[in-house]
Amino acid sequence: MDRLDNTIRPYAWGSPTAIPHLLGVEPTGEPQAEMWMGAHPGAPSRTGRGTLVEVIEAAPERELGEKAVAKFGPRLPFLLKLLAAGAPLSLQVHPDLTQAKEGYADEERRGIPIDATHRNYKDANHKPELICALTEFDGLCGFRPPARAADLLDALGVDSLKPYVDLLHAQPEEAALREVLTAILTADPDEMARTVAAATAACDRLGGDHAPYAGLAHHYPGDPGVIAAMLLNHVRLQPGEALFLGAGIPHAYLSGLGVEIMANSDNVLRCGLTPKHVDVPELLRVVRFESGDPGVLRPEAAPDGEEVYETPIDEFRLSRHVLPEGAAARDLTLTTPQILLCTAGTVRAGEHTLTPGRSVFVPAGEKAEVSGTGTVFRATVIA
């Protein structure tokens with residue numbers, strides 16, 4: 001197995017302290033948002049044999065296994081991350097596989113440069129994802145029932161929000177959510193900025209269920225995404241709890257440290273809380289306008305001590321092993337590729353000693369025995 005040297009992304013919303021604290025190093029003072037573990041070409045993990053991209057390209061069946069290559073091609077189909085949100089991320093959705101293929105082909109046909117700021121589709125893949133909290137973790141996930149969203153907006157007492165409240169009460173669910181989100185994102189920017197300012201003052205005054213949106217508004221003053229966010233469920237995960245985010249589900253991470261895993265894609269359609277491009281027509285094509293419970297996941301225990309976060313996705317499978325003091329070594333050998341990430345304690349993985357934030361890549365079929373005292377997350381595929 002290969003010890004991984006991973007890139008930390010300094011996105012502006014990142015916490016300057018959470019990842020350094022986990023790694024046991026001094027903060028630099030700069031935001032440290034995400035640590036990437038995998039073979040994404042934008043920031044592949046480095047090994048003693050070269051980048052993980054180079055290692056896999058040199059011998060895909062040896063590294064990934066025949067079944068994984070047959071199912072997903074000669075590439076690692078997932079990206080594992082440590083994600084540390086010190087400020088809210090953009091409100092966003094991801095396309096399904098068909099939408100991604102269509103959108104990518106259309107933008108290629110129109111000759112939009114891959115690095116253009118108004119480009120939506122960087123690849124032809126979908127981007128389902130799972131976030132598992134390591135600390136208390138706040139996020140927004142999926143639409144509230146329209147009547148509950150209407151109550152939240154109506155309580156603000158802002159006259160310019162009354163039409164949205166009326167629409168949410170008057171229309172069937174899908175039509176209500178679609179019409180209100182469309183109206184928010186296409187409103188006159190100056191008028192919307194005044195509405196957001198008034199809503200911010202009301203959220204500050206009311207607190208309670210409105211408090212998370214006051215925080216958003218102070219980070220993104222005047223942004224229509226502040227109002228759009230009030231259509232969504234607010235979720236607070238406790239350590240060990242997780243959220244699965246499928247195609248078309250609007251969501252945003254607000255604060256906290258977690259382990260995130262996703263299909264290897266960069267495709268994002270933004271709804272707000274960002275200075276970046278918002279393509280309203282394409283967004284409306286992708287969003288699923290249905291309300292529902294966010295569906296907090298808790299790991300399901302297996303007889304061998306593995307705790308699995310069950311999802312309907314084959315490109316990734318996330319689980320963890322909590323190793324108590326004095327426990328026998330556990331054999332984690334699989335016929336599929338793995339990344340093992342330590343998040344607590346000190347764990348021995350093969351010949352490598354892992355402390356929090358340290359990780360290894362285990363080729364398919366390679367002996368993978370772990371021992372020690374701590375917590376290890378395991379990322380692999382279902383093939």
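Predicted model: local features only at pLDDT ≥ 70, side-chain atom pairs only at ≥ 80, totals over all residues.

Q: Pockets then. How much space lies in the largest pocket?
A: The largest pocket holds about 1,000 Å³ of space.

Q: Which residues lie nearest its centre?
A: Tyr 11, Trp 13, Val 268, Arg 270 and Lys 276 do, out of 43 lining residues.

Q: And which elements give two or more residues to that lining?
A: Those are β3 (34-38), β6 (78-85), β12 (251-263) and β13 (269-272). The most comes from β12, with 5 residues.

Q: How does the lining of the largest pocket divide into nonpolar, polar and charged?
A: It has 18 nonpolar, 12 polar and 13 charged residues.

Q: What about the second largest pocket, how much space is there?
A: About 300 Å³. Its lining has 19 residues, and Phe 244, Gly 246, Ala 247, Ile 249 and Arg 288 are the closest to the centre.

Q: Which strand gives the most to that lining?
A: Strand β9, residues 137-143, gives 3 residues. By class, the lining of the second largest pocket splits into 11 nonpolar, 5 polar and 3 charged.

Q: What lines the cavity?
A: Leu 91, Phe 143, Leu 181, Ala 228, Leu 231, Leu 232, Pro 250 and Cys 271. That makes 8 nonpolar residues, with no polar and no charged ones.

Q: Leu 231 is in that list. Where else does Leu 231 turn up?
A: In the largest nonpolar core, which has 49 residues. Leu 231 is among those touching the most other members, along with Leu 153, Leu 156, Leu 168, Ile 184 and Ile 227. Helix α8 (residues 173-186) supplies the largest share of this core, 6 residues.

Q: Take Ile 227. What is it in contact with, leaving aside neighbours within four places in sequence?
A: Ile 227 is in contact with Leu 153, Leu 161, Tyr 164, Ile 184, Met 192, Thr 195, Val 196 and Ala 199.

Q: Last topic. What does the UniProt annotation say about residues 3-145?
A: The unreviewed entry labels them "domain: Phosphomannose isomerase type I catalytic". In the model, that stretch is 27% helix and 25% strand, and its end C-alpha atoms are 46 Å apart.

Key:
Residues numbered from 1 in each chain as written. Heavy atoms only, no water. 1 Å grid on protein atoms, 1.4 Å probe; cavity = no way out; pocket = protein on both sides within 12 Å on 5 of 7 lines; lining within 4 Å. Nonpolar A, V, L, I, M, F, W, Y, C, P; charged D, E, K, R; others polar. Core = buried A, V, L, I, M, F, W, Y, C linked by side-chain atoms within 4.5 Å. Buried < 20%, exposed > 50% of the residue type's maximum accessible area, 1.4 Å probe, protein only. Helix = DSSP H or I, 4+ residues; strand = E, 2+ residues; numbered from the N terminus. Contact = heavy atoms within 4.5 Å. UniProt positions renumbered as here; feature names shortened; annotations may be inferred. Points joined across faces, edges and corners; volume = space filled by probe spheres on them.
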